[in-house]
Amino acid sequence: MRCHPRWFLLVGLLLASSGCTAFADDDAGAGTGVQVAAAFYPLEYVVARVAGPHADVVGLTTPGKEPHDLEPTIKETADIAQADLVVHEADFQASIDAAIEQNATGEVIDAAAVVGLQPFSSDDEHDGDHEDEAGSEDHADHDHEGGLDPHFWLDPLRMATLGDAIAASLSEIDPTNAEAYDVNAAALRTDLERLDASFTEGLADCERSTIVVSHDAFGYLTRYGLELAPVAGLSPDAEPTPADLGRLRQLIEDDGITTVFGERLASPRLTQTLAEDAGVRTAVLDPIEGLSDETADEDYLSLMQANLAALREANGCR
């Protein structure tokens, strides 16, 4: 197990007498000794599917927490320092980026660089809101170089591309199990291509195409013919203006929209208020940034299927 000097500076006070071996002992008998750290749930899902039993995978974001808000603990920083591979998304979690820069000693995969990000897809009015938010310190970590959407995992085919890259990296780190990593990545791709086909077919014939969503996290679903009307901008905590809410109420009336979509890891206050004012119902559309107590027994595939079912019901799909 490799130890970086800066890691000792960080955790030395806590583990002064044990060094790296304390972590090795915790994992004794698990996996093959290959250690992988994944920054948040969708990345962790892909890593776990590709690695199978041949690596020990740790998620850096605690279930039930917004990944944007993560401040790594000493343990999480130690996980980064001892990992043979760290998978993250640059500019999505500024504190994780900093911890990787300062402490990572193994290979690092930036998912954004692997899959390629698309611009935000909302209208010009919301794009202006994004520019205002990105200019503030609180939202700088969401900017992604002037308007690229970080939520790529809602595109199953991009997730498959990430799986292939992780398999290649793990094969270099652990060539003994290279064939297993390739087989696992191929199986994952098959599942994700099937999921992509389900969305394409399931949303092909609908009464409506516009969805009102809690915040601008669902742009990758536009590849299935959806149009987005987010209540808030980049951050689920952003406050829409009265003009924004009035425009959305009018849109709901004009387009016959039946549902305002909230999400599990963010406050439902704004979506519930809008739905009540407009006389429509609310439902959950999960951005799958992380798991919660409610979804602890679910996984990426089942949550995406639940999203598809919710979209089909809301938009009157046949």
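Predicted model: local features only at pLDDT ≥ 70, side-chain atom pairs only at ≥ 80, totals over all residues.
Two strands are taken to pair if DSSP finds at least two bridges between them, and helices (H or I, at least four residues) and strands (E, at least two) are DSSP runs numbered from the N terminus. Residues are numbered from 1 along each chain as its sequence is written, and side-chain values use heavy atoms, with hydrogens and water left out.

In one of them, 4 strands form an open sheet in the order 2-1-3-4 with parallel pairing, and its edge strands, each pairing on one side only, are strand 2 (56-59) and strand 4 (107-110). Neighbouring strands here are turned by 15° against each other on average, direction ignored; axes are lines fitted to C-alpha atoms, for helices over the stretch in contact, and angles run from 0 to 180 degrees between N-to-C directions. Strand 1 (residues 35-38) is joined to strand 2 by 4 bridges, and alanine 38 stands opposite glycine 59 in strand 2. Helix 3 lies across strand 1, strand 2 and strand 3 (85-88), and runs at about 175° to strand 2.

Another open sheet of 4 strands has the order 6-5-7-8, again with parallel pairing. Strand 6 (227-230) and strand 8 are at its edges with a single partner strand each, so one side of each is left without a neighbour in the sheet. On average, neighbouring strands of this sheet are turned by 35° against each other, direction ignored. Strand 5 (residues 210-213) and strand 7 (residues 259-262) pair over 2 bridges, with valine 213 opposite phenylalanine 261 in strand 7. Helix 11 (residues 242-255) lies across strand 5, strand 6 and strand 7, at about 150° to strand 5.

Now to helix 10. This helix, residues 178-202, has 25 residues and reaches 36 Å from its first C-alpha to its last, close to the 36 Å expected at 1.5 Å a residue, where the expected span is 1.5 Å times one less than the number of residues. Its buried residues (under 20% relative accessible area, with exposed over 50% and partly exposed in between, for a 1.4 Å probe and protein chains only) include Tyr181, Leu188, Leu195 and Phe199. What do the buried residues of helix 10 pack against? They pack against helix 3 (41-51), helix 9 (156-173) and helix 13 (300-315), contact meaning heavy atoms within 4.5 Å.

The axes of helix 9 and helix 10 come within 9 Å and cross at roughly 180°, which makes helix 9 roughly antiparallel to helix 10, a label for angles over 145 degrees, with under 35 roughly parallel, 65 to 115 roughly perpendicular and the rest oblique.

Finally, methionine 304 lies in helix 13 and counts as buried, at 0% relative accessibility. Not counting residues up to four places away in sequence, methionine 304 touches Leu154, Pro156, Leu195, Phe199 and Ile288. Isoleucine 288, in the loop between strand 8 (281-284) and helix 13, has a positive phi of about 55° although it is not a glycine, and is buried with a relative accessible area of 0%.
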